Amino acid sequence: MRLIQTLVLTALFAMTLPPPAATTDDGIWFPVATPVTTYSDTWGAPRGESRTHEGTDILAPQMHQIFAAEAGEIIKAKGEDCPADEPCSSYYLAIAGDDGRGYFYVHLNNDTPGRPDGCDGLGGVANAFSPRLVEQLQSSGTLAGVRVAKGEHIGYNGSSGNAACGVDQLHFEIWNDHDWGATGKINPYASLAAAEQAGRSTSQTSTEVPSSTVREAGPDRIGTAVALSRSSHDTAEQVVVAPADQYVAALVAAPLAALQGGPVLLVPPEGSPPVDVVEELWRLEAEHITVVGAVDVATISRLTSSTGTTASTIQGTDPVDLSRQVAAAVRAAGGQQDAAVLAPLSSDPGRGWPDALMGSTLAAYTGAPVLLTAQDQLPQAVIDDLTALENITVIGGTAVISDNVVDQLTSQGIAVRRLAGPERLSTALAVTDAILAGPVDASAAVLHLATADNFPDALAAGPAMSAKGSVLLLMGHPTASTPVLDWVADRAQDINEIHAIGGTAALSEDAIRAIDQQLTP
């Protein structure tokens, strides 16, 4: 099975990745966040002891982000075994590229950010490697063999190794092979200049990353779902796949994925499945995918053929019917038979999804199916399902689910609990408090944050939260998020890590700093 998947994945890369170009301008990603201070062509310059320079030094501030120039597999991560709280002299990454070449990233940061006490070597792995790689290191004990995507954040700029103290730079090499350049190295300058000119680069949003924060993000919602899967699941025989273009399918599927012990991954509703999703299914050693919602048959076929998985589908004639079909699958998988979570379905995409997202997180924890309702009237299809229910948790205030709906439920002899606040942030807090107070194994030690302004980045949050035993809060602009900041301040002693879901375009560093400040005595 795994041999077949490996062969198929290899074939997929052959179809999706360009072959190595005849020149050094091979379309690599610029490996340092822009803008940089400077870099120049110093190939062959003397370096003492009869050595010459075999790379390009890219000077940029400390903690500037470092990115993978090409997709590949980590050969070695220098410094990964440095004892915590002890000085570490050097951090680097060597990566075997999918194009057959090797890529070497030297002088990653080893000092405390900001260097309040000079070059102390006490930055630790969290300030040398990216948050995802740190999580991988904590999980498996080594980064050797870990795959990285082209353009993925992999580390932070610094002056470790033989760089002069505080002269922050990335020494970047390209090898002809995966054997530490045994067959020679390539001057990377032309490739770097071409990458920068073509815009194959990522802007540095901040040179300061809160030390208590891990960012789980990809270049888009699909990549962020993959990042959440990587951080929460080592393996998963069964995985739920949902379309990335709307929120209902992923959210109602959350309890099903949690019951099956797997994540929710996202794909385009039609077209070729992204390589990152294929790689993640391969990493999880998935055997079966359940496709929830409207995904093209050809897309499903490409996904199964490239991963060696089998597939089943759950579809509905409309969002309400889809939630009912998934609810039946949740009950069949061992979920709650007499309880459900009722979430709002609004014609305004800016209104209903935050409460539905929090409802899906609660459902993932409790194994209760998610049903959908309009604001003022239960759909008849949902009413038909009420005979088997004894308890329903309503998510959101009367602006999204009215008292008339609650009256319809209670008239059927159903016990109703409403979790709500005056606005979406407070409703999210109410749901999180209910999770923490409930019988499930959850704590605030690991706190996830997602933007309250748009749904894409947190679509896959529910199963990840339940797998990690963590909880989720929604965050807006710091000036409009006082209830969240107060909640974090009140529980500062319980919180060990903050995980930000999505990139800085979704959840800004200012928002993360505001949260981080609540944790500082």
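The legends below describe close-up views of helix contacts and salt bridges in a predicted model. Local features need pLDDT of at least 70 and side-chain atom pairs count only at pLDDT 80 or more, while totals for chains, interfaces and linings use all residues. Residues are numbered from 1 along each chain as its sequence is written, and side-chain values use heavy atoms, with hydrogens and water left out.

**View 1. Contact of helix α4 with helix α14.** Helix α4 spans residues 221-232 and helix α14 residues 461-468; helices (H or I, at least four residues) and strands (E, at least two) are DSSP runs, numbered from the N terminus. The two axes come within 9 Å and cross at roughly 15°. Axes are lines fitted to C-alpha atoms, for helices over the stretch in contact, and angles run from 0 to 180 degrees between N-to-C directions. The crossing angle makes α4 roughly parallel to α14 (under 35 degrees is roughly parallel, over 145 roughly antiparallel, 65 to 115 roughly perpendicular, and the rest oblique). The crossing is left-handed, meaning that the near helix is turned anticlockwise from the far one by less than a right angle, whereas clockwise is right-handed. Leu228, Ser231 and Ser232 of α4 make the contact with Ala461, Ala464, Ala467 and Lys468 of α14, contact being heavy atoms within 4.5 Å. By class, these are four nonpolar, two polar and one charged residues (Ala, Val, Leu, Ile, Met, Phe, Trp, Tyr, Cys and Pro count as nonpolar, Asp, Glu, Lys and Arg as charged, and the others, Gly among them, as polar).

View 2. Ala467 is partly exposed, with a relative accessible area of 42%; buried means under 20%, exposed over 50% and partly exposed in between (1.4 Å probe, protein chains only). Not counting residues up to four places away in sequence, Ala467 touches Ser232 and His233. Ala452 is 15 residues from Ala467 along the chain, and their C-alpha atoms are separated by 22 Å.

**View 3. Contact of helix α7 with helix α8.** The axes of α7 and α8 (residues 297-307) come within 10 Å and cross at roughly 45°. That angle makes α7 oblique to α8, and the crossing is right-handed. Val277, Val278 and Leu281 in α7 meet Leu303, Ser306 and Thr307 in α8. The contact has four nonpolar, two polar and no charged residues.

**View 4. Salt bridge between Arg230 and Glu280.** A salt bridge is a side-chain nitrogen of Lys or Arg within 4 Å of a carboxyl oxygen of Asp or Glu, and the whole structure has 16 of them. Here the closest N and O atoms are 3.8 Å apart. Arg230 belongs to helix α4 and Glu280 to helix α7 (residues 275-284), 50 residues apart. Both residues are buried.

**View 5. Salt bridge between Glu54 and Lys185.** The closest N and O atoms are 3.1 Å apart. Glu54 sits in the loop between β1 (38-39) and β2 (56-59), and Lys185 in strand β10 (residues 185-186), 131 residues apart. Glu54 is partly exposed at 35% relative accessibility, as is Lys185 at 25%.

**View 6. Salt bridge between Asp403 and Arg418.** The N to O distance is 3.3 Å. Asp403 lies in helix α12 (residues 403-410) and Arg418 in strand β19 (residues 415-419), 15 residues apart. Asp403 is partly exposed at 47%, and Arg418 is partly exposed at 27%. Elsewhere, salt bridges that share partners join Arg132, Glu152, Arg230, Glu280 and Arg283 into one network.
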